[in-house]
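Notebook open, structure loaded. I'm jotting down what I looked up, one entry at a time.

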Amino acid sequence: MSDDHPRDRFDLVPDAAAEAAFLDAWERGRLHHAWLLCGVEGVGKATFAYRAARRLLGAAADPARGPLGARRDDPVSRLISAQSHPDLLVLERLVEGGKVKKSISVDQSRELPEFFSKSPSQAQHRVAIIDAADDLNLNAANALLKVLEEPPERGVLFLVTHAPGRLLATIRSRCRRLSFPIWTPDRLETLVRNRTGAEPEDAEHAAAMAGGSPGAALALASGSTFEMDQLARRWVEGDVDRAEALAIGDKFRGAEGQERFETLMDRLVAAVRMRALASGPGAGNRWAELWERLQPLPDRAAGLNLDRADVLAGALADLKRVQAQQDRMGG
């Protein structure tokens, strides 16, 4: 998919009902100053935030692209895609030294009061997007709370969250919540086929593995995520090539390497889970235990600064042990 960042997606409508609710509040003069966008990761919450931001900042409407659709060639849309609109602030985890930081810092959150203290320069509103609010550290969350306690005039905040229960209750209570439901497998299949041209079997697999998330489904059906998924499935079926694994491990350095490592581990964990669900009681238990051991490895590797190639090698050794047990037990 060419439009791989939410700010560049114009034709994906995450949830028409959520867009209609937002439009209704805006048109009736009841636009809340803070919106909590809730749902599984990849369901389209950030895409919604950018769609709403375009319209709030004055982009011309395009009803053919859904309730909050905007024209791609509008100057406002172009400025947002170029990350240069003066009335839009986006807070997300920074990349420093080739690594993605673990959280959004308090220094970043302190940009919000200054940003909202100024009048809009080109639009009727100033808009801030926090993607994701789950990434705020405690001090950053408290800095955000101060902004929410004193709602900015003509300011609108969009807080993307995959786990709203983890946010401070005082933050949740000051926001209007919009929940984004997961997509049905049929809808995901159609999206994947239309967007990627994937074969029916690959589209069906992507829809089944995506957990209701269109973002995950599209990633699973194209590009490096598709390749990682295919590789993980092959490994789980018993085709583990040591030389191949070593070659992949050499590509785990830097920020791009971190993303590649996390994607591969995510797909390996998912493939093991699917194998556990498809196996009988005895073998299923062994695969389920392996799944539980593999799940925390990416976080552990990041938290302890472990060598990612070594972590992958250990995971594959564990995988081979389970496969050997299965061969001995005949299941």
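**Entry 1: a helix pair.** I started with how α1 passes α2, and the crossing is right-handed. I'm working from a predicted model here, so I keep that in mind. Two packed helices get described by the angle between their axes and the distance between the axes, so I looked up both. For α1 (residues 16-27) and α2 (residues 45-56), the axes come within 11 Å and cross at roughly 30°. Angles under 35 degrees count as roughly parallel, so α1 and α2 are roughly parallel to each other.

Next I asked which residues meet there. On the α1 side I found Ala-18, Glu-19, Phe-22, Leu-23 and Trp-26; on the α2 side, Phe-48, Arg-51, Ala-52, Arg-55 and Leu-56. Sorting the residues of this contact gave me 7 nonpolar, no polar and 3 charged.

**Entry 2: the cysteines.** How many disulfides are there? I got 0. Cys-175 is in no disulfide either.

**Entry 3: a glutamate.** I then looked up Glu-189, which sits in helix α8 (residues 185-196). Its relative accessible area is 18%, and since buried means under 20%, Glu-189 is buried. Leaving out residues up to four places away in sequence, Glu-189 touches Ala-203, Glu-204 and Ala-207.

Key: Residues are numbered from 1 along each chain as its sequence is written. This is a predicted model: local features need pLDDT of at least 70, side-chain atom pairs count only at pLDDT 80 or more; totals for chains, interfaces and linings use all residues. Side-chain values use heavy atoms; hydrogens and water are left out. Axes are lines fitted to C-alpha atoms, for helices over the stretch in contact, and angles run from 0 to 180 degrees between N-to-C directions. Helices (H or I, at least four residues) and strands (E, at least two) are DSSP runs, numbered from the N terminus. Angles under 35 degrees count as roughly parallel, over 145 as roughly antiparallel, 65 to 115 as roughly perpendicular and the rest as oblique. A crossing is left-handed if the near helix is turned anticlockwise from the far one by less than a right angle, and right-handed if clockwise. Contact means heavy atoms within 4.5 Å. Ala, Val, Leu, Ile, Met, Phe, Trp, Tyr, Cys and Pro count as nonpolar, Asp, Glu, Lys and Arg as charged, and the others, Gly among them, as polar. Buried means under 20% relative accessible area, exposed over 50%, partly exposed in between (1.4 Å probe, protein chains only). A disulfide is a pair of cysteine sulfur atoms within 2.5 Å.
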